[in-house]
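Look over the sequence and the structure, then read on.

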Amino acid sequence: MADVSIRSSELIPSPLPWRAPWGAAVLSALVVWLCFVSSAVLAQSAAHPSSEPTFSSGYKFTQMTGRDLFANICQGCHLPDGEGASGAGTYPSIARNKNLEASGYPVHVVVNGQRAMPPFGAMLSDDQVAAVVNYLRTNFGNDYRDAVTAADVKVVRP
Ligand code: HEC
């Protein structure tokens, strides 16, 4: 507060002529500073437009087990029990899902995405995709024991 009151008193026209340029210098410094701050704020909001996807392609998930990957990525949409949900959108159930029988299908969906399901290929290694697909196919009431390998993932990458 003390600082502000000193500055504003300097902005008030002073009867002493030598004080005038000092006040102008403070005022222009303040204007320059305000421009700098507002342009920095604008630049920041331009760098993160709200329409950007939540997961940027620069992000890599670090979890390695299917269980941890599911908990970090998939359950937000498919729900912790894999039952899916419908409301603002439709998130299909992973539980007792016959579409998981052909292992290439879930691998393709996770890597490349499909309609409202975002692609995760850029954020996951081949081993991570295989781990999460194997987790889906052997949990939530699914019992498909033919495990997917990293090589199966590599071939579906664009
Ligand atoms: C942002 C929400 C979202 C996230 C996160 C998400 N999914 Fe999906 N998923 C969807 C939607 C929506 C669909 C339906 C796509 C369609 O219309 O074909 C879907 C479909 C699928 C399907 C196909 C189901 C079927 O019966 O055809 C599989 C398999 C799947 N997701 C697995 C996963 C896995 C594994 C993860 C985590 C790595 C994951 N999903 C993360 C939204 C999501």
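Of the chain's 158 residues, 18% count as buried. Buried here means that 20 or more other C-beta atoms, placed from the backbone, lie within 10 Å of the residue's own. The model is predicted: local features need pLDDT of at least 70, side-chain atom pairs count only at pLDDT 80 or more, and totals for chains, interfaces and linings use all residues. Residues are numbered from 1 along each chain as its sequence is written.

**Confidence.** The mean pLDDT, the predictor's confidence in each residue from 0 to 100, is 79 for the protein chain, and 64% of the residues score at least 70. Residues 25-53 fall below 50, and beyond near neighbours in sequence this stretch has five contacts in the model. A contact means C-beta atoms, placed from the backbone, within 7 Å. Where pLDDT is low, the predicted coordinates should not be read in detail.

**Layout.** The protein chain has six helices and two strands. These are DSSP runs, numbered from the N terminus: helices are H or I with at least four residues, strands are E with at least two. From the N terminus, the order is α-α-α-β-β-α-α-α.

The largest nonpolar core holds 20 residues. Such a core is a set of buried Ala, Val, Leu, Ile, Met, Phe, Trp, Tyr and Cys residues joined through C-beta atoms within 7 Å. Val-107, Val-110, Val-129, Val-132 and Val-133 have the most contacts inside this core. α3, α4 and α5 each supply at least two of its residues. The largest share, seven residues, is from α5.

The ligand has 21 residues around it; Cys-74, Cys-77, Asn-99, Ala-116 and Met-117 come nearest.

α3 gives the most, with five residues. The shell divides into 14 nonpolar, six polar and one charged.

**A closer look at α4.** Which residues of α4 are buried? They are Pro-106, Val-107, Val-110 and Val-111. They lie on the same side of α4, because they cover an arc of only 125° around the axis. That arc is taken from the directions from the helix axis to the C-beta atoms. Their cover includes α5 and α6 (150-154). Leaving aside neighbours within four places in sequence, Val-110 is in contact with Phe-120, Val-129, Val-132 and Val-133. After α4 comes Gly-113, with a positive phi near 75°.

Terms used: A residue is near a molecule or strand if its C-beta atom, placed from the backbone, lies within 6 Å of it. Ala, Val, Leu, Ile, Met, Phe, Trp, Tyr, Cys and Pro count as nonpolar, Asp, Glu, Lys and Arg as charged, and the others, Gly among them, as polar. A residue is buried if 20 or more other C-beta atoms lie within 10 Å of its own, exposed if 12 or fewer, and partly exposed in between; C-beta atoms are placed from the backbone. Two residues are in contact if their C-beta atoms, placed from the backbone, lie within 7 Å.
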